[in-house]
Amino acid sequence: MNLTVFTMLELSTAHISLETNQMLEDNTLSIAFVAKSYRGIQYGWFIAVPYDDEDDLMWLPDDLEKIVNLAKERNLDWVMLDCEGARSEHLPVFEW
């Protein structure tokens with residue numbers, strides 16, 4: 001059996017603004033993502049890191065573009081934004 005393994009960066013949802021979070025909720029961004037939820041309560045996002053089409057990044061809000069670029073620099077496949085995720089000193093923090 002040939003298994004596929006993906007790599008993921010976990011970060012705090014504090015690294016996205018309330019406006020970016022709303023864009024994710026409204027599904028208005030040009031990037032693949034899914035809501036992270038448990039028993040109907042949403043508390044974060046799984047975001048696919050795009051490698052093929054660089055044009056997708058130009059439509060992202062600045063905060064999310066920085067997160068995606070951080071993941072790309074580390075050759076990661078996914079970003080998990082979680083309300084209890086780690087905070088990075090390399091990214092802005094938003095209190096909301």
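I count a salt bridge when a side-chain nitrogen of Lys or Arg lies within 4 Å of a carboxyl oxygen of Asp or Glu. By that rule R74 and E73 pair up through their side chains, at 3.6 Å from N to O. I looked up accessibility too: R74 is partly exposed at 44%, while E73 comes out as exposed at 59%.

Confidence check. This is a predicted model, with a mean pLDDT of 89 for the protein and 90% of the residues at 70 or more. Strand 1 (residues 8-12) has the highest confidence, with a mean of 96. The lowest is in strand 2 (residues 33-38), at a mean of 79.

Back to the charges. How many salt bridges does a search of the whole structure find? I get three.

D62 and K66 make one, with their closest N and O atoms 3.3 Å apart. Both sit in helix 2 (residues 62-73), and because they are four residues apart, about one helical turn separates them. I have D62 as partly exposed, at 48% relative accessibility, and K66 as partly exposed as well, at 36%.

R87 and E95 also meet through their side chains, at 3.6 Å from N to O. I noted E95 as exposed, at 66% relative accessibility.

Last stop, T13. I found T13 in the loop between strand 1 and helix 1 (18-26). Is T13 buried or exposed? It is buried, since its relative accessible area is 11% and the cut-off for buried is under 20%. Leaving out residues up to four places away in sequence, I listed the contacts of T13 as Y43, G44, L81, D82, C83 and W96.

Conventions
Residues numbered from 1 in each chain as written. Predicted model: local features only at pLDDT ≥ 70, side-chain atom pairs only at ≥ 80, totals over all residues. Heavy atoms only, no water. pLDDT = per-residue confidence, 0-100. Helix = DSSP H or I, 4+ residues; strand = E, 2+ residues; numbered from the N terminus. Buried < 20%, exposed > 50% of the residue type's maximum accessible area, 1.4 Å probe, protein only. Contact = heavy atoms within 4.5 Å.
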